[in-house]
Amino acid sequence: MKNTETTTPKNYNFTSIRIKNKTKEDVTKFLDKVNKSEDCGKVTFDTLIGYFLEKTSKDDIENLQLKTITWSHEETRLRKIWEKKKGKVSDNKWKEMLYMGQLQEFIGMNSRIKISTIE
């Protein structure tokens, strides 16, 4: 009996991505757990990443973005909000208000970074 089926060669272009060693270890452990069952195909890094990209909601994206905020980003955003509500201020006046604590309540109400109060 002659096999008349032809197999299509897989032609994938692979690339590497930079992740921390700890992240790689965590994903590898996760995939080991997922792949314990032999009644399904093997879940790979690529399959896992593709799945989460498809399932990521707008809220998930916002939460990811919020994890990367620094005061540098937040200051720019807060200043835009201030100027929209109160009018333009010079760089010197803005810094003065920051250093003198005049913006403490405004920042507390509008910042996406939680601030603690010193008592």
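This is a predicted model: local features need pLDDT of at least 70, side-chain atom pairs count only at pLDDT 80 or more; totals for chains, interfaces and linings use all residues.
1. Residues are numbered from 1 along each chain as its sequence is written, and side-chain values use heavy atoms, leaving out hydrogens and water.

2. Have a look at the nonpolar surface patch: Ile 17, Ile 19, Phe 45, Ile 49 and Leu 53 share about 480 Å² of accessible area (Shrake-Rupley, 1.4 Å probe). Patch members have over 30% relative accessible area and no salt bridge, with nonpolar side chains joined within 5 Å (a salt bridge being a Lys or Arg side-chain nitrogen within 4 Å of an Asp or Glu carboxyl oxygen).

3. Leu 53 sits in helix α2, residues 45–55 (helices are DSSP runs of H or I, at least four residues). Leu 53 counts as exposed because its relative accessibility is 64% (buried is under 20%, exposed over 50%, partly exposed in between).

4. The aromatic pairs come to 2 (ring centres within 6.5 Å; planes under 30 degrees apart are stacked, over 60 edge-to-face, the rest tilted). Tyr 51 and Phe 52 are edge-to-face because their planes are at 80 degrees, with centres 5.2 Å apart. Tyr 51 is partly exposed at 43%, and Phe 52 is partly exposed at 43%.

5. Trp 82 and Phe 106 also pair edge-to-face, at 5.2 Å and 80 degrees. This pair links distant parts of the chain, helix α4 (residues 71–86) and helix α6 (residues 104–110), with the two residues 24 apart. Trp 82 is buried at 14%, and Phe 106 is buried at 10%.

Notes: Patches are made of residues with over 30% relative accessible area and no salt bridge: like charges are joined within 9 Å, nonpolar side chains (Val, Leu, Ile, Met, Phe, Trp, Tyr) within 5 Å. Buried means under 20% relative accessible area, exposed over 50%, partly exposed in between (1.4 Å probe, protein chains only). Rings of Phe, Tyr and Trp (its six-membered ring) pair if their centres lie within 6.5 Å; planes under 30 degrees apart count as stacked, over 60 as edge-to-face and the rest as tilted.
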